[in-house]
Every structure is written in C-alpha cells, then in structure tokens.
Amino acid sequence: MAAAATARSGFRRMFSISAFSPPKPATPPPKADPSPNLFVSGLSKRTTTDGLRDAFAKFGEVIHARVVTDRVTGFSKGFGFVRYATVEDAAKGIEGMDGKFLDGWVIFAEYARPRSPQQQDMNSQPQQSWGPPSSSWGAQ
DNA sequence: ATTGAGCGT
C-alpha cells in the first residue's frame, strides 16, 4: 500500500500550493474605543427614549438615554444613544442588547463616537472676557 | 412627511 501513500503525498502537494494567500490576517470586528456612550441603531419607529432606557437599564446604570428624532417631524429616526455610568456597564449593555429584539426590530448596540470636541465638558470652557465689548449693546 | 444605513436638538 505504498502507492496510496504516494498518491496522498501528491494530493497533499497539489493542495498545498499557497499561491492565493488570503489577505485576511484577522477578521475586522467593529470594535471601537471603550466609551460609556453607546450608539444604538436598528430601533423601531415606535421605540421611544423611555423604552430604550428601560431596555438598557437592565444591564447597567443608564445615566442618560435618548432616541434621535427629527426636529421637523418629531418622529424617531430609528436610532438613539445610551450613556452608562461606567464603560463596563456599557460593555454589558452591548453584550446584552446587541443583536437582540426591541419592538420587533433587531437593534445594534455599539460604542458611540465623540460628537464634538466641544460640549463634552462644561468645565473645560475656554477663557473669555466676561466684560461687555462696550459695543453692540445699543445696536439693533 | 416615507425611505431602514447610520452617530445626536
């Protein structure tokens, strides 16, 4: 039965030709920087802020939750934001609500990005002269 | 004043 071994070796060599090296060293998971802010998408139009907060409050202490709604129509845009007390609570919230159902729609929880360099910390308000510009007061 | 991926009044 040496022929079998030889044939197996040949097959082995044939399928061992790695001319096509997959340029995928690792799967690019949608991992973002840990942050207490969570971005929840896939929400239903009927989902409101209270429902979102109630759904995420079961996995951690939710500091603030908000469902983005259109300013003109006032209807939900289908996504919202949830802020936890700590990043670990946020992780638990993601692992607990990501890919789950909410109001009949599969929601996706992920770390939210910094909205703007400003309005993040009121304490870091830049210096500004609190004195009136001695002008533009009598104008208009 | 809907759309179904997305990042906020």
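This is a predicted model: local features need pLDDT of at least 70, side-chain atom pairs count only at pLDDT 80 or more; totals for chains, interfaces and linings use all residues.
## The surface around the DNA

Let's start with the overall picture. DNA strand B is surrounded by 21 residues, and the closest are L43, V68, R71, F79 and R115. Sorted by class, this surface holds 8 nonpolar, 7 polar and 6 charged residues.

Which part of the DNA faces the protein?

## Polar contacts with the bases

At N37, a polar side-chain atom lies 3.3 Å from a base oxygen of DNA strand B. G78 uses its backbone instead: one of its backbone N or O atoms is 3.1 Å from a base oxygen of the DNA strand. At R113, a polar backbone atom sits 3.4 Å from a base nitrogen of DNA strand B.

The elements that each give two or more residues to the surface near DNA strand B are β1 (37–41), β2 (62–69) and β3 (76–84). Among these, β3 gives the most, with 4 residues.

## How the strands pair

β1 and β3 run antiparallel and are joined by 5 bridges. Within this pairing, S41 stands opposite F79 of β3, and F79 is also one of the residues closest to DNA strand B.

β1 has another antiparallel partner in β6 (residues 108–111), with 4 bridges between them. Here V40 stands opposite A109 of β6.

Notes: Residues are numbered from 1 along each chain as its sequence is written. Chains are lettered from A and ligands numbered from 1 in the order in which they are written. Side-chain values use heavy atoms; hydrogens and water are left out. A residue is near a molecule or strand if one of its heavy atoms lies within 4 Å of it. A polar contact is a pair of N or O atoms within 3.5 Å; within protein, one must be able to donate a hydrogen and the other to accept it, and residues adjacent in sequence count only if both atoms are side-chain atoms. Ala, Val, Leu, Ile, Met, Phe, Trp, Tyr, Cys and Pro count as nonpolar, Asp, Glu, Lys and Arg as charged, and the others, Gly among them, as polar. Two strands pair if DSSP finds at least two bridges between them.
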